Amino acid sequence: MSTLLAGMAAAPGIAVGPLWRYRSRGAAGMPVVAIDSRAQAEAAIRRAAELAERQLAELAARLRSSGHPGDAEILEAQALMAVDPAIVDDAIRHSRDGMGPVDAVLAAAEASARVLAGLDDALLAARAADVRDVATRIVRAMSGAPTDLPTEPSIVVADDLPPSLLVDVPPGLLLGVALAGGSPTAHVAILARSLGLPAVVAVAGLPDAARHSVRIGVDGETGEVILDPDAADLQTMADRQAARGARDRAAAALRGRRATTADGRHVPLMANIRSPQDATRALEAGAEGVGLFRTEYLFLRRQAPPTEAEQTAEYRRAMEAFGPDRPVVVRLADIGGDKPIPYLGLPEEPNPFLGVRAIRLARNSRELLLTQLRAVWRAAGEAGTTPRAMAAMVSTVADARLLLELRDEARADVVASGAACPERMITGLMIEVPSAAMMAPELARMVDFFSIGTNDLTQYVLAADRGNAALAGLQDALHPAVLRTIATIVAGAATAGIPVAACGELAGDPAGALVLVGLGVDELSVEPAALDGVRAALASVALPELKALARRALAATDAETVRSYVREIARPE
Ligand code: PEP
Ligand code: MG
């Protein structure tokens, strides 16, 4: 008899096949390494760390040459972690205190992983798995133990999975992933998505429930896992697969065209990126530019802020990838909130989301934002394109004024240095704080565009911390209170005739994209993987229908009703 388990959808697609149980070896399962002296132990730890670094760098090179630069970057970061003094020196300290080398490495990595896992930022917390993965690799390198591999094409079932396992297994041997742990933002999920492996994470009951199972089916879009699927289950999955295949092929076929509604209204579809490497994937997926370059990611995993020259090079790479005619909007670092940068030495705050975040940093850390703005001016000068920048967490007219002042001061510095500098910067404000929405007409007169951050707007309108799982039900950007705020922003922008973009997750959800365009949002910026779905959704509905949808949505009393309205007009899947 088949058993249905529910998890979270993490990478789309359906897979059915034999189970391969992956057991990560905890400290108890780790090989014993015979070491006679402390000096030998230190040397063994260092040698193993260096070997692990080399293995990871080789894997990364394999990924890079097979056209997966984003994934290669993850392994390159792991390669650095393998020789990170925070782990290696700490392990050596433990070993001097009398711990065996295997335990010493695991303890050092565990301490680092715990710090990461304790951070509020889901992406950073997910890096804890990377650190543990690196430790396993160092320990294996110490003992020469081989990596476990499936013997036939299989679906891997585990508590959690080291991300590098997915690329260690030769192509074709892995069909899908089903995990008890993980999250949709964990690296293993990100890698599964880019390798095209269907994945379901956070499956309650795994791996115990699968103790006696032989085959398994995973649906990475519904989050369903079926143990020992019967004939009826197999038929259901085959039918779904056929329907989705047709849908995805139709959506991907629209890539070469500009995104339009069914009646031909162009809705520029841009990408959200975190690094210039993401720009390649965004271009392949048909992005018309970058609507949100989250530059704070350039500040992470370092001991000091990136220099002006380093930042200039990064922005320039992204700008050059898109060329002079496709915009790249650089969002000044959104530091603070759930993205603290320890080396900046900023004071701890009781409520960081209501604290000194993003543009608010400019008052005490003026040089940080000036450096960024100088780098944007320089990069655009070197790339021969028009610079575009925006600030997050703007809540007052004074914030907007400060941004313009910094922008002009940065330009004066660049000009004084004798470097090529464009005449003007297209300057925008992220509208994600309710006070900015209320002041939209005044703010709109000061800048060239707005970009609505629906993630933060939702948390601030509904007073629900976006990182608090207990309040997940309140973090729904389709709530009419959020939609009414968006309508206020659009109306405010219209009084000054400036365009409005949306770059929060709502824009990447096909249902959200339809409502946003109906509300009068001009442009959408989404994760590269979401571009096809949004483009296809827009193509299926005409603008008057979207406007009617938006009117109904504004009059609704809850997000579920809004979703039901979208289902009435959206193209059936
Ligand atoms: C947002 O808040 O919607 C947004 C796009 O910015 P971030 O998610 O980086 O805060
Ligand atoms: Mg935000």
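Analyst: One definition to start: a residue counts as exposed when its relative accessible area is over 50%, and as buried when that area is under 20%. Also, this is a predicted model.

User: OK. Is alanine 463 buried or exposed?

Analyst: Alanine 463 is exposed, because its relative accessibility is 68%. Alanine 463 is in the loop between helix 15 (454–461) and helix 16 (480–496). Its phi is positive, about 50 degrees, although alanine 463 is not a glycine.

User: Which peptide bond is cis?

Analyst: The bond from leucine 206 to proline 207 is cis, and its omega is near -10 degrees. Proline 207 is in the loop between strand 6 (199–201) and strand 7 (215–219).

User: New topic. Where does ligand 1 sit?

Analyst: Ligand 1 sits in the largest cavity.

User: What touches its oxygens?

Analyst: A polar side-chain atom of arginine 294 is 2.8 Å from an oxygen atom of ligand 1. A polar backbone atom of asparagine 455 is 2.7 Å from an oxygen atom of the ligand. The protein covers 99% of the 290 Å² of accessible area that ligand 1 has on its own.

User: What kinds of residues make up the shell?

Analyst: The shell around ligand 1 has 8 charged, 4 polar and 3 nonpolar residues. Helix 15 supplies the largest share, 3 residues.

Note on methods:
Residues are numbered from 1 along each chain as its sequence is written. Chains are lettered from A and ligands numbered from 1 in the order in which they are written. This is a predicted model: local features need pLDDT of at least 70, side-chain atom pairs count only at pLDDT 80 or more; totals for chains, interfaces and linings use all residues. Side-chain values use heavy atoms; hydrogens and water are left out. Helices (H or I, at least four residues) and strands (E, at least two) are DSSP runs, numbered from the N terminus. Buried means under 20% relative accessible area, exposed over 50%, partly exposed in between (1.4 Å probe, protein chains only). A polar contact is a pair of N or O atoms within 3.5 Å; within protein, one must be able to donate a hydrogen and the other to accept it, and residues adjacent in sequence count only if both atoms are side-chain atoms. Accessible areas come from the Shrake-Rupley method with a 1.4 Å probe; for residues, only the protein chains shown count as cover. On a 1 Å grid over the protein atoms alone, a cavity is a set of points where a 1.4 Å probe fits but cannot get out, and a pocket is an open set with protein on both sides within 12 Å along at least five of seven lines; lining residues have an atom within 4 Å of a point. A molecule sits in a cavity or pocket if more than half of its atoms lie within 2 Å of its grid points. Ala, Val, Leu, Ile, Met, Phe, Trp, Tyr, Cys and Pro count as nonpolar, Asp, Glu, Lys and Arg as charged, and the others, Gly among them, as polar.
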